Amino acid sequence: MVGREVDARKRYAKATIVLVITLVFAFAASKLIRSSYEVEPIVKGPSVTRVEKLSRYHSGIIGTPGDTDVYFLDSGKPGGTVLMLGGIHATEVAGMLTSVLFIENAQVNQGRLIIIPHSNNSAFATQPAEDAFVPVFHIETDWGERWFRLGDRLTNPVLQWPDPDAYAHYPSGQILSGSEVRNLNRAFPGRPDGLYTEQVAYAITQLILEEDCDLVIDMHEASAMYPVVNVMVSHSNAMDIAGMAAMTMDFEEGVYIGVEASPEGLRGLTHREIGDHTQAKVILMETANPIMDYVRGKATEELVVTGKDEFLVMAAERGMVTVPYDEKGAPIEERVGRHSSGVQQILSMMSMMYPDSTIQVEGVPKHADLKEHGLGHFLKNPSDFPQEAL
Ligand SMILES: [Zn+2]
């Protein structure tokens, strides 16, 4: 009898331990899931006049994790309107960080900038399952650290699942592989009653139409082994601006960037569909991000920020990398610097070639400034600003 009581007590003790461990894990997991939906603080810089939700342009995404902030930097002086898109692919963090750099530093003296740092916001709350990514990374600044999310290339499957075997792009009907159905850069121009990713694309297209944007600049990154890197891909409606901007960037800043025409047969991409379906000119830019290369080692925070990877160096020595790459890596200053200079050259050229669409921006560091001082030097300390400035 006594022996049975001891056994029962042991079983209770074991069950209690298992229960406590389960609760601790459940709590930690729920905290992690909740924190991945938390958006990193962004300080409203000197020219930010208002912040809207993307769902203002399409109510179908109201209250979902894909709804996202749209920053307006309006000089109040007539001129051009330019939309900057960061984070269409949430792995390609240089585009998101360049958006933050502009929001926090740009002084817009003529015309209007509209900036979406997290264009596919739900993708920032997930990571590709096979890649063991870190969910956040940090940038050292003069006053401490800023944190940012590292996400997936595709929309969070919680919002759109399962993927079909094949994806038929709307409205072209072009057939793409099944997982591309969650790729925002294969979903343009989108449709209001479509799948979740198509609805996010539709909201952005509606914004471009309603705000009468003259130009859209879409900032991406690609693997260093991919042939389309360090390049502007332009719709035919913006080739004149892209060509002049690239030449001037090389001539004035010593930063080479190629220019390619958007292929007419490749559907769903910003540089194709926004140009075909709206009044806006459109240019996409790519930098090299080694975390996207298949040969790389561990996907650490350090790799996100420094772009240093020993296996990619070995690939480069064998001529398999399409951009200049060595043990110095592809630091975030280089990548954000390319985007920042590229955007500023494009704005200058558009203003020169289309005076009615003039947009005059100053105060944003270019490639050489970022290489000299580091990205963190230009990021604000959110705790120095009152809550309403975030
Ligand atoms: Zn991309």
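With a relative accessibility of 56%, Met-352 counts as exposed, because the term applies to residues over 50%. The structure considered here is a predicted model. Within this model, Met-352 is placed in helix α8.

Together with Met-244, Met-247 and Met-353, Met-352 makes a nonpolar surface patch of about 380 Å². Two helices each supply at least two residues of this patch, namely α4, which covers residues 239-253, and α8, which covers residues 332-353.

The zinc site comes next. Which atoms coordinate the zinc ion? The donors are ND1 of His-89, two OE atoms of Glu-92 and ND1 of His-220, at 2.0 to 2.6 Å. The angles among these four donor atoms run from 55 to 146°, and the site is irregular. A tetrahedral assignment would require all angles to lie between 85 and 135 degrees. Along the sequence, the donor residues follow the spacing H-x2-E-x127-H. Glu-92 is found in the loop between β3 (81-85) and α2 (93-105), while His-220 is part of strand β10 (residues 215-222); the pair therefore ties together parts that are 128 residues apart in sequence.

The term buried applies under 20%.

Finally, the chain may be viewed as a whole. The domain assignment gives domain 1, residues 1-37, and domain 2, residues 44-385. Taken over C-alpha atoms, the centres of domain 1 and domain 2 are separated by 45 Å.

How values were computed
Residues are numbered from 1 along each chain as its sequence is written. This is a predicted model: local features need pLDDT of at least 70, side-chain atom pairs count only at pLDDT 80 or more; totals for chains, interfaces and linings use all residues. Side-chain values use heavy atoms; hydrogens and water are left out. Domain bounds come from an automatic or database domain assignment. Patches are made of residues with over 30% relative accessible area and no salt bridge: like charges are joined within 9 Å, nonpolar side chains (Val, Leu, Ile, Met, Phe, Trp, Tyr) within 5 Å. Accessible areas come from the Shrake-Rupley method with a 1.4 Å probe; for residues, only the protein chains shown count as cover. A salt bridge is a side-chain nitrogen of Lys or Arg within 4 Å of a carboxyl oxygen of Asp or Glu. Helices (H or I, at least four residues) and strands (E, at least two) are DSSP runs, numbered from the N terminus. Buried means under 20% relative accessible area, exposed over 50%, partly exposed in between (1.4 Å probe, protein chains only). Donors are N, O and S atoms within 2.8 Å of the metal (3.2 Å for Na, K and Ca); water is not among the atoms, so sites may look incomplete. Four donors count as tetrahedral if all angles lie between 85 and 135 degrees; four count as square planar and six as octahedral if opposite donors are over 155 degrees apart and all others between 65 and 115; anything else is irregular.
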